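Here is a short briefing on one protein model. Keep the sequence and the 3D view side by side as you read.

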Amino acid sequence: MDFSIGELARRTEVKVPTIRYYEQIGLLPPPPRTEGQQRRYDKNGMARLAFIKHARELGFDIEAIRALLSLQDNPDQSCSVADRIAKARLAEVEERIASLNALRTELQRMVEECASGRVAECRVIETLAGSSHGHGRLVET
């Protein structure tokens, strides 16, 4: 069964311009076209697009996806490259989590120290102005 680009977009929840972009950069092979030049995708094209979409949802960049697709296309290779790509992405995620945890801690401290007093003593305003990091205080007028 073949699908138009619109049907492929609907079934995979990937926008038509994104599908065209993936074709343009070589992640999706150009599909056969009808006599009227309409793209026609088969189940393999749909599966490949689903793979790309899932990889993007996990935060893999285009080059990592390109490498993973190449591995998928050549299944007799060692999966050490795939492992290395996934470990690098995991390290990025762990770094982002650490950053978000630090952000949460700072925001919690700001909120706890504010206690809904007057703006002149507001820790949220003071912290954002940089005084808690040695960057100077807001000048009161």
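The points below go from the overall fold to single residues.

This is a predicted model, in which local features need pLDDT of at least 70, side-chain atom pairs count only at pLDDT 80 or more, and totals for chains, interfaces and linings use all residues. Residues are numbered from 1 along each chain as its sequence is written, and side-chain values use heavy atoms, with hydrogens and water left out.

**Overall fold**

- The protein has six helices and zero strands. Helices (H or I, at least four residues) and strands (E, at least two) are DSSP runs, numbered from the N terminus.
- Read from the N terminus, the elements run α-α-α-α-α-α.
- Of the 141 residues in the protein, 27% are buried. Buried means under 20% relative accessible area, exposed means over 50%, and partly exposed lies in between (1.4 Å probe, protein chains only).
- The accessible surface comes to about 10000 Å², and carbon and sulfur atoms hold 54% of it. Such areas come from the Shrake-Rupley method with a 1.4 Å probe; for residues, only the protein chains shown count as cover.
- Take the contacts with a separation of 6 or more: residues 24 or more positions apart account for 41% of them. Contact means heavy atoms within 4.5 Å.

**The nonpolar core**

- The largest nonpolar core has 22 residues. Such a core is a set of buried Ala, Val, Leu, Ile, Met, Phe, Trp, Tyr and Cys residues joined through side-chain atoms within 4.5 Å.
- Helix H1 (5-12), H2, H3 and helix H4 (62-73) each supply at least two residues of this core. H4 gives the largest share, six residues.
- Among the residues with the most contacts inside the core are Ile 19, Tyr 22 and Ile 65.
- Ile 65 touches Leu 27, Ile 52, Ala 55, Arg 56 and Phe 60, not counting residues up to four places away in sequence.

**The tyrosine pair**

- The whole structure holds one aromatic pair. Tyr 21 and Tyr 22 form this tilted pair, 6.0 Å centre to centre with 50° between the planes.
- Rings of Phe, Tyr and Trp (its six-membered ring) pair if their centres lie within 6.5 Å; planes under 30 degrees apart count as stacked, over 60 as edge-to-face and the rest as tilted.
- Tyr 21 is partly exposed at 40% relative accessible area, whereas Tyr 22 is buried at 7%.

**Arg 39**

- Arg 39 is in the loop between helix H2 (16-24) and helix H3 (43-57). Arg 39 is buried, with a relative accessible area of 17%.
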